[in-house]
Amino acid sequence: MLKKHPRLLRLSFLGLAAFVMLLFGRASIPPFDRDEPRYMEATAQMLRTHNFIDVRFQDAPRYLQPAGIYWLESASTALASAVTGTSQERAVWPYRIPSLLAMTASVVLTAVIGGALFGEQAGLWAGLILLASVLCMAEGRMATIDSCLLLTILLVQLALTRALKDREAERPTPLRVALLYWGAIGCGLMLKGPVVLVPALGTPLALALVERRADLWRRMRPGWGWLVAVAVALPWCIAIGLVSHGEFFRRAVGRNFLGKVASGQEAHGLPPGYHLLVFVLAFWPGSYFAAAVAPQAWRQRATPAVRYLLCWIVPHWLVFEAIATKLPHYVLPTYPAIAILVAGLLGRGGATWRNGPQSRWGRVLLGGYSVAWCLVGCLLALAGPVLLYRLEHTVSPQALVLAGGALPLIGLSMVLIWRLELQRALLCALVAAALLYAELFTFVVPQLNTIWLAPRLADLVEQEKPCPVTRVYSVSFSEPSLVFLLGGQVVLSPPAEAAQGLLAHPACTAVLLATRDRSRFLDALGGQPSRLRAHGQVQGMNYSNGRTLDISLYTLAPEAPPAPAAQDEAH
């Protein structure tokens, strides 16, 4: 069947390549603090309690976004447990399956949309550019929302692209296209609430504003189509509203969503321009080529395909540059459009690129950007062997070989860039990216034991705990990865609370405590410091805050029985 449909065959090979590339390190890399293990633990608690409405992390409600991602991860983990015959609730890899499948599908959908706009070859190149980007490679490996949200947004854009092609051909748009559009919006609402509306509504409305006609928007049947999106999200919204007495909406919308707009949350407040600044790394290796085609994209902004992509990119980008809280993945939904723009315009430029900036200053700026792009690539290639040597004092032959293969290709890309042979330069850069991702995620990141404190602390607790069921207090390490790996059976507490818990139940209680917190803990322990017993030690760095820690597991020895009273020799 595939041989009779070569386009389907090529898309299948692209999907397989994406799936394989995203597999590297998926099972061997521990939970990545801080967001990923919060999703994992909340999902594990959902499976354990069978409460699929009220999402919780330990005893606290997790009212940040709807339950969609937790349902997907619950399904993948339950299926993994059924297939393997053993519980996989404490394994990492099942929770990452939705992201793997969603990012794989996103790469293929990027190729489909790109093919509709610029031709099949450009679409395949667009899929490869998206797949090779640093941010997509990172997000596709984590059990968070963003890969799944990206998929829903691409389904929205697929519907809009189909309507755009129907308009050009002067034919009606089928009902199923509008149902796809509004159904994907409903799924996006169940993943991250109103965030999906920024690209979903922003693209057609911006296009209507630019073109001064709203016929593309009308093809989506907005008069009644919104009811489809509401039908997807409303049942859970009613349920959580009743269960939480409205608290979910006060927190999720009032604090989380609107709070991010007004002020930087969790130390992520940054000025406008942040996303543009980190783009050279986040979209590497496609970032230089995006900068190279930007002048041509502006010159061809009246072209229907380019205009559509700009209306996809610009509104979303401006919104997230304007809000106070900034994280790199906030502009991830624009990356497929940028990849399509790069592939489509490079394909029109011929073997030698002549469509760059026309002014001298533009060429100087683009040349400087190419140098920054080259430095980022070299740093990515060298990061693996250097980190292994600095943190673990080891040399990995595999990492050196792969880094040694990537560096010449990056250098060759620079030579081709200076010769304006951008298509060949892009090919070299994509191969270099594949080599360095294989290096980082297979031979480097899983081996950085110094930064993976939580797995080693969980092993220490398992080896040294005084009872089969032990209550553990963690004073010096409060990352959610530890909560997940210990099955939620850990209390993240200050020294005084941990000391009180240890004194109240000394037989089956243990405390994870670093040397720097020992004096405060002893003060809280009162007159019992001589009974304190240390078991093992874990040394390393908490990469979330940069602190170096040496943590031991402490228990309390039984009280010595009182000495017998001396007998009166006179009697």
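In which handedness of crossing does H22 pass H23? The crossing is right-handed, meaning that the near helix is turned clockwise from the far one by less than a right angle. This is a predicted model, in which local features need pLDDT of at least 70, side-chain atom pairs count only at pLDDT 80 or more, and totals for chains, interfaces and linings use all residues. Residues are numbered from 1 along each chain as its sequence is written, and side-chain values use heavy atoms, with hydrogens and water left out.

**Helix packing**
- Helices H22 (residues 495-504) and H23 (residues 518-525) pack at about 50°, their axes 8 Å apart, where axes are lines fitted to C-alpha atoms over the stretch in contact and angles run from 0 to 180 degrees between N-to-C directions.
- Helices here are DSSP runs (H or I, at least four residues) numbered from the N terminus.
- The contact (heavy atoms within 4.5 Å) involves residues including Leu 502 and Leu 503 of H22 and Phe 521 and Leu 525 of H23.

**Thr 161**
- Thr 161 lies in helix H7 (residues 146-168) and counts as buried at 2% relative accessibility, the cut-off being under 20% relative accessible area (1.4 Å probe, protein chains only).
- Apart from neighbours within four places in sequence, Thr 161 is in contact with Ile 113, Ala 116, Leu 117 and Tyr 308.

Definitions and conventions: Helices (H or I, at least four residues) and strands (E, at least two) are DSSP runs, numbered from the N terminus. Buried means under 20% relative accessible area, exposed over 50%, partly exposed in between (1.4 Å probe, protein chains only).
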